[in-house]
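Hello,

Here is the structure we talked about, ready for you to open. Have a look at it first, and then read on.

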Amino acid sequence: MGKALLQKIWDLHTVRQLPTGQTQLFIGLHLVHEVTSPQAFDMLRVRGSRVLFPGRTFATVDHIVPTLDQRRPFLDPLAEEMIASLERNCREQDIPLYSLDSGRQGIVHVIGPELGLTQPGLTIACGDSHTSTHGAFGAIAFGVGTSQVRDVLASQCLAIEPIKTRRIRVTGALRHGVFAKDVILEIIRRLGVKGGAGYAYEYAGEVLDRMTMDERMTVCNMSIEGGARVGYVNPDETTFAYLEGRPFAPRGDAFERARAWWTSMASDRDARYDDDVVLEGEGIEPTVTWGINPGQSVGISQRIPAPADAPAGEEAGIAEALEFMGFRSGQPIEGTRIDVAFIGSCTNSRLSDLRVAARVAKGRRVAPHVKALVVPGSQAIRIAAEREGLDQIFAAAGFEWRGAGCSMCLAMNPDRLEGRQVCASSSNRNFKGRQGSPTGRTLLMSPAMVAAAALAGEVVDVRKVLEPEVA
Ligand code: SF4
């Protein structure tokens, strides 16, 4: 019986079994940012310890960094304090920091892959829930809390519960106007926001095989929203082509040796899975969340459900979501008026996301009542987009073009909803209050759908405005 990638990486990184039933795993790469690290570094300082493997630790600033006025000191004293603290900690502990003046700053889950730090076969930890993004490369990547950030800084290890493996195969092909975001929203809708508890999600099938690395990152990013501990795609030629030439990727003969090892880490054909799920790609349509968790979504042609339509035990959750969002059961999602459009976050702020949004926006205008933001995931993406003139397309259409950061994904900076505003968002969480206003409402969708909604001033089917790409 062969092994799945999860088991191979797990076995290779096991330090020992703990009496708690957990496994102590060695962590190959630790990514650090300004918000979940200050206390962890303080705890280390109190114990008189140093970071055990500074060479396996890399930092950037993303969560609280302003995307508009980035002059120092920042207008927000908390942002200034957090970022100054990270700068001091990195200096003291010899940790490389991709700061605002590095030309490489950006969202931690965007710059890790961009720099070639994220590689197949690695165990990765970061103090952010969406660390599962890195699984797109065939890595096992854990989102952790502040005390675990401290543990990794001090010991380069994590104690992890046993994890089962569920393979999710998406077969066939996606239709025009359907994107990776729609695939993961559909998976979460089918399996539920708690359906992945205790599992790693291995994404496979023809649709995943054909996806670019950007698209695979979008899918893996939201594994956590389906309750999975981690999510991954087996490494293949698409992975290797993405990595080749990146600053931290091996070069020359070392790259060829790495490629052979990376290939060997992919799941064996006869690997055993604890569960196997199949979805047909053709059956997925542009998808929009209507509720207060990412599993509460509908296809653009569908109507918002009623509590009575919900599986047993979930009726109250639907009723609560309807009340908070101000929707009626049976109402179509198409035509919902929006106030804000946000294209960004570690789910959908990569160059390919900006390109497709620009295709939608080109030659059109944002509706007068809509505030629309485009926030690139990294400085490198911003520069690449500007080289292609995407910033000009967005500006001409009335979108604001910002500096890199998490921005309105979690609204720790001035990019926030106000009052009951409705936001069409390419981010990953639609929880109450997530975008800064306790009563603000978030509709998750693909970046192309966000761009289309910004122009129309309401939720529309992007297939009506996006011409198919001519090969
Ligand atoms: S964009 Fe959102 S989910 Fe991603 S790292 Fe930033 S805050 Fe976390």
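Predicted model: local features only at pLDDT ≥ 70, side-chain atom pairs only at ≥ 80, totals over all residues.

Residues are numbered from 1 along each chain as its sequence is written, and side-chain values use heavy atoms, leaving out hydrogens and water.

First, the ligand. Around it (a heavy atom within 4 Å) are His63, Ile107, His109, Asp128, His130, Ser345, Cys346, Cys406, Cys409, Leu410, Asn428 and Arg434.

Next, helix α2, residues 38-46 (helices are DSSP runs of H or I, at least four residues; strands are runs of E, at least two; both are numbered from the N terminus). Its buried residues (under 20% relative accessible area, with exposed over 50% and partly exposed in between; 1.4 Å probe, protein chains only) are Pro38, Ala40, Phe41 and Leu44. They span an arc of only 165° around the axis (taken from the directions from the helix axis to the C-beta atoms), which puts them on the same side of α2. Gln39 and Val46 are exposed on the other side. After α2 comes glycine 48, with a positive phi near 70°.

Helix α14 (residues 390-397) buries Leu390, Asp391, Ile393, Phe394 and Ala397. Seen down the axis, these fall within an arc of 160°, so they line one face of α14. Gln392 and Ala396 are exposed on the face turned away from that buried side. Just after α14, glycine 398 has a positive phi of about 100°.

Best wishes
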